Amino acid sequence: TVPGTVYADSVLDGFRVAPYSWQGGVAFQQELRSGVAITIGYFRTVGGNFTVTDNLLVDRSNYDYFCLNTPSDANLPGGGGQQICGIHDQRVVNPVSNLVRPASDFGKQTSVFNGMDFTTNARFGNGGFVTGGISIGRTVTDNCDVVANLPEAGAGPGQTGTNTCHVQPPWSASTDFKLSASYRLRGEVQVSANYQNSPGIPTLAAWNAPNSVIAPVLGRNLSACRAGLTAAQCTASLGVALVPTNSLYREARFNLLGLAVNRNFRFGQTSIRPRFELGNALNANTVTTVNTS
C-alpha cells in the first residue's frame with residue numbers, strides 16, 4: 001500500500017526547520033506643537049521555510065508544456081491576443097504518493113512585505129480632534145523556481161508561468177488613507193466625520209481553455225479526456241489566468257465618508273444621547289465583485 005501523504009524528516013526534525021515569519025519595525029514620533037504630533041513607521045515581514053507537496057510518482061518529464069494565444073477582448077490588457085507560455089498538462093494521471101518537503105529542495109521561494117505608515121493626531125478647541133494618515137505597503141511573493149522544477153507545486157486553475165508564480169502588486173494596491181475628526185458645539189452637540197480611501201478590487205480574468213483549442217498546440221488531447229475521443233468530442237478544459245495576479249486594478253477606489261451628529265440630554269442622574277448617522281454620505285457604489293470568466 002502506498003501512503004497518501006508523508007512528511008520528510010527535514011520538515012519535522014532539526015533546528016530552524018519550521019515555517020517562520022520574521023517581523024520588524026521602527027517608528028518615530030514628533031510633537032510639532034502643543035496638541036499636534038506626527039508618527040512615521042516602517043515595517044517589514046519576511047517569510048521562509050516554505051514547504052511543498054511532491055508526488056514522488058511524478059517528475060517534470062511527466063508534463064508537457066505549451067503556449068496559448070489569449071482571446072481577443074477589449075477588456076483584457078492590450079486587447080488580448082498575447083501569448084502565454086509555461087502552461088502544462090500531465091500526460092498520465094499517476095497514482096499519488098505525496099511527500100511534504102522543503103520548497104528549497106526545488107529552488108528559491110520568497111515572501112516579503114514592506115510598508116510605511118504616516119499618521120497625525122491633533123487636538124484643538126472645545127474637545128475637537130483630528131486623527132488619520134496614510135498606510136503604504138505591499139507583499140511580493142515568488143515561487144517561480146519551485147514551480148519550474150516541481151510542476152505540481154503550481155497545479156491548479158491559472159497556474160501559467162509568471163502570471164501566478166510571481167505576484168508584485170503596485171504600491172497603490174495597498175495604499176489606504178483614513179481621516180477622522182470630531183468637534184463639540186454649543187449645547188453638548190457633537191459632530192464627527194470619518195473618511196476612508198481604500199484600493200478597489202484587483203481585475204482578474206480566467207479562461208477555461210477548451211481541449212479543442214489546446215489539442216492542436218499540445219499535440220494530443222488533455223489528460224482529462226477519455227481515451228478514444230477526438231479533439232472536438234472532448235469537453236475537458238484547462239484554467240488559464242489571462243491577467244497576472246494582483247497586477248491590474250481597473251475598478252475605482254473606495255471613497256467612503258461617514259457623518260454623524262449626536263447630542264447629550266441630561267435628566268438628573270440620567271442622560272440620553274440620540275445620534276444621527278449617515279454612513280455613506282458620498283453615495284459610493286464602488287464595484288466589489290466581478291465575474292472573472
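Reader: What counts as a disulfide here, and how far apart are the sulfur atoms of C67 and C85?
Author: A disulfide is a pair of cysteine sulfur atoms within 2.5 Å. This is a predicted model, by the way. C67 and C85 meet that cut-off and form a disulfide, with their sulfur atoms separated by 2.0 Å.

Reader: Which strands does the link of C67 and C85 tie together?
Author: The two cysteines sit 18 residues apart, so to speak in distant parts of the chain. C67 belongs to residues 63-69 and C85 to residues 83-90, which makes the strands β5 and β6.

Reader: Are C67 and C85 buried, partly exposed or exposed?
Author: Buried would need under 20% relative accessible area, and exposed would need over 50%. C67 comes out at 27%, and C85 at 34%. Those values fall in between, so C67 and C85 are both partly exposed.

Reader: How many disulfides does the whole structure hold, and how do the bonded cysteines pair up in sequence order?
Author: A search of the whole structure turns up three disulfides. Besides C67 with C85, there's C144 with C165 and C225 with C234. Number the bonded cysteines along the protein chain and the pairing reads 1-2, 3-4, 5-6.

Reader: Where in the chain are C144 and C165, and which helices do they join?
Author: A disulfide joins C144 to C165, S to S 2.0 Å. That pair links distant parts of the chain, 21 residues apart. C144 is in residues 144-149 and C165 in residues 162-165, that is, helices α2 and α3.

Reader: Which handedness does the link of C225 and C234 have, right or left?
Author: For C67 and C85 the angle about the S-S bond is 110°, a right-handed link. C144 and C165 show 85°, right-handed again. C225 and C234, both buried and with sulfur atoms 1.9 Å apart, have -85° about the S-S bond, so the link is left-handed.

Reader: Which residues is I214 in contact with, leaving aside its neighbours within four places in sequence?
Author: I214 belongs to the largest nonpolar core, which has 18 residues, and is among those touching the most other members. Strands β5 and β6 each supply at least two residues of this core, as does helix α4 (211-218). Beyond its sequence neighbours, I214 is in contact with F66, L68, A209, L222 and L238.

Terms used
Residues numbered from 1 in each chain as written. Predicted model: local features only at pLDDT ≥ 70, side-chain atom pairs only at ≥ 80, totals over all residues. Heavy atoms only, no water. Helix = DSSP H or I, 4+ residues; strand = E, 2+ residues; numbered from the N terminus. Buried < 20%, exposed > 50% of the residue type's maximum accessible area, 1.4 Å probe, protein only. Core = buried A, V, L, I, M, F, W, Y, C linked by side-chain atoms within 4.5 Å. Contact = heavy atoms within 4.5 Å.
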